Amino acid sequence: MNARIVAKAITSLVLALLLAACGGGNGDDPRDLYRVSGVIVPDALNRVDTDTNDPDTPLIPNNTPEEAQPVLAPALIGGFVAAPGTDTRFGPDGDKYDMFRVDLQEGQKIVLDFPESPGVDLGLYLFDEDGEAQDATVGNSAPLSLAPDAAGTYIVAVRADSGMSNYALRLDATHSLALESRRAPRVSDDFVSGDLIVRHPRDRGISMADTARGMGLRIAAGHPAREQLWRVSGDRAGQAMEALSGWSPVRQRLRWADPEDQARYETLRAMKTLGEMPDVEAVSLNHIVRPTRLPDDPFQGLQWFHRNIDLPLAWDIGTGEPPDSEVVVAVIDTGVFLEHEDLRGQLLPGYDFIQMEPTGDDPGDSPMLGASSWHGTHVAGIAAAATDNATGIAGVSWGARILPVRTLGEGGGTLYDTLQGIRYAAGLPNDSETVPERPADVINLSLGGGSFSQAQADLYQGIRDEGIFVLAASGNSAGSVTFPAAYDAVFAVGATDAVNDRASYSSFGNQLAFVAPGGDMRVDRTGDGYPDGLLSTLVDDTSGSRKSAYAFYQGTSMATAVASGVVALARSVHPELTPERFEQVLVAGLLTDDLGPEGWDPETGWGQINALRTLMAVTDGDSDLDPVLTARPGRLEFGLTEDLLEFSLRNVGGGSLRVTEVQANTPGQTDWMQVNPKSVGADGLGSYTVMVDRDGLPDGSYEGSITVQTESLEDLVIPVLLRVAAPELALDTVGRIYVVLVDADGEAVAARGVDPENGVYNYRFDDVAAGEYHIVAGTDMNNDGFICDAGEACGAFPTLSLFEQVQIDRDREGLDFSVGFRARVGDTLLGSGQSGAGDGSAGFARP
């Protein structure tokens, strides 16, 4: 008799004893024993991996492109993977890959979520139909996400490089701005292969240098007291990857559509491994950052955008020239043409972090004559060209001084160089080993690229804490706000056109602060005979030598330069103005023209910056401001498969406030939403989680809201949108489930394994003793003896959120409910307060 048969025999004996022990009254009296039955329906769009670790389920391999399991999107797929060498039913080879063949739309989100456990290393991969790798992400924490760059048939793969784990794979058409802003790096991102930006504790500088050399890496730049640039030596890449990740690039090599992506993939893996080392505080890729101008043919014309922000009227209050205080605007860009006729008197000595020399000149970013962008020169002119000098154009601030810092060149620039330029502008230690005579008051970042890094977030916050404004372009993708604009300490600036509508290209989302004119070169709505771009300083090098010129450009780069000019004006008339005070009056509605829905909205932020209103507001000094309550994001969209989101509450005004109640509203409908505090202070401000339960909801769209009440302000309302898909019994499944009876003491007293029949699960318990019970159902894909733990499908009667006890004092039938892959918070079932076995497992033991 094999071990499995013995185990089942023991389980049957234990179950019989359990039922006899809790018989209730006279266990021999059949009147004390009852029948319990019902039907369990799988949630719509749920699918299951065909080779989980549950030994009672069929094993249909989906480990290769040829074996890929076909699924239809949208879908929520529950699964299990195990690296080679783990103790599973798959033997020593494990279940390394789960592959799914699916038709996807361009940009459709693929999201992998899994419980974070020591020793577990999962990755998400995208292959074409022929099995060639297109993209991958292997970040240090879930969720991981990818998106195809074109519609087509793909193979989506989950891979285990170490450990074993359940997972949930979501294929949903809903665009999540919050997810995009915190996603892990991807192979398809724009970064320098073999480069890593590393920060470690200051007292470990020497040992870390030794560590780098031992791995086949060298420290190419930086200092132990700040970030360093680590670089893979060209002929030692294989050694470096093996030392970092403990695997051979030859054994692990994927077949990439672009052969150069193998080195990029290895760089991602090296970043992940370094990030897990105790001696490393933070590590990120050396992303390529690019100007956020949209290129177009140059034209000469008028500066219509001055009128759009009431700039001529603002100049009656202050121009930035004496007696106003002098303000320094650092332009971190391609440099600035130092001999431009309309900029000469505005420039301070700068620095070139590409050539590593004290200049800041803009030599051009193309080897071809007439092909350079002169992007930094254009940005500098918008913000602070010489004005009232009978030459060229007018800058927003007449008296601001430009600190030119060159970090972008041909093809853009690297994140590392850009960080050094930002440090220099802020007067912080940097690789130039010098700082400007005085730090900048305003740092203009008309550039974008990369992904979230805690080390960079800390840098920007430190700069803001010094009273320095950092403004960055939101991006020109018409998608999520890009980094560095997406960092909390940075003011993200979007773009509007000549009629004050959001420009079609302007990126938007939860991090957007406000908008400014950025132009639209496709049209002439001003009627001046020229495309509606922003006219500014440029360079003409077609003759072989650089000459002063002027041209129209469009983009969030230009909008950011306008905003930087306005902030410089404000700082010149009120030198004590801080970023915090500026944000307070911004949120109070005193700096902008509100363009969209009242208050903040994701497309235009707090509205379009208005120079006149800004100067009037800041010249009032530090008068008391009322408290202003805001929620980020201001709208929650759960789509078809998401069931857990977060929002945060902040007082961005003056004074103090206290939140008295946060209430979920689902008017006229089932209570399908719950709000719970996550990290909240005594004043009620902080972060909250929102969980939705689709149990029992017919297919369709649902609108709800969250009302936030305070002691003194009007209620704040956060709209919530939810979609429920129509069930498809021929497709919807979570695989084999186990239905468990749980007594009043939380003990599992009986269990039944049930497979789907005609798309539903029919369950029945005979000889159940009288008493009160919970009925719970779920999968056990990892075969740990528990259902409903992290990553498993779960359901309960009457719904998982209600989790009510059932009185068994007679035969009970029709105890129906649903089961699906759903959100969890820690180890607590949604809305139930049930914490499972109490031994670290998150679900219910199945006898």
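**Note on a predicted model**

1. Start with W374. This residue sits in the loop between β18 (351–352) and α9 (375–384). The model is predicted. Phi of W374 is near 50 degrees, a positive value in a residue other than glycine. Buried means under 20% relative accessible area. W374 has 2%, so it counts as buried.

2. Now take E433. Its loop runs between α10 (415–425) and β21 (442–445). Is E433 buried or exposed? Its relative accessibility is 76%, so E433 counts as exposed.

3. Look next at helix α13, residues 579–587. Of its 9 residues, 7 are buried, so the helix is largely enclosed by the rest of the structure. Among the buried ones are P579, R581, F582 and E583. V585, L586 and V587 are buried as well. Just after α13 comes G589, with a positive phi of about 80 degrees.

4. Check two cis peptide bonds. One goes from P322 to P323, with omega near 15 degrees. P323 belongs to the loop between α8 (311–314) and β17 (328–333). Another goes from F483 to P484, with omega near 10 degrees. P484 lies in the loop between β23 (469–473) and β24 (491–496).

5. Finish with the whole protein. It has 14 helices and 46 strands. Of its 847 residues, 58% count as buried. Take the contacts between residues at least 6 apart in sequence: 73% of them join residues at least 24 apart. The accessible surface is about 33000 Å², and carbon and sulfur atoms account for 48% of it.

Key
Residues numbered from 1 in each chain as written. Predicted model: local features only at pLDDT ≥ 70, side-chain atom pairs only at ≥ 80, totals over all residues. Heavy atoms only, no water. Helix = DSSP H or I, 4+ residues; strand = E, 2+ residues; numbered from the N terminus. Buried < 20%, exposed > 50% of the residue type's maximum accessible area, 1.4 Å probe, protein only. Contact = heavy atoms within 4.5 Å. Areas by Shrake-Rupley, 256 points an atom, 1.4 Å probe, with all protein chains shown as cover.
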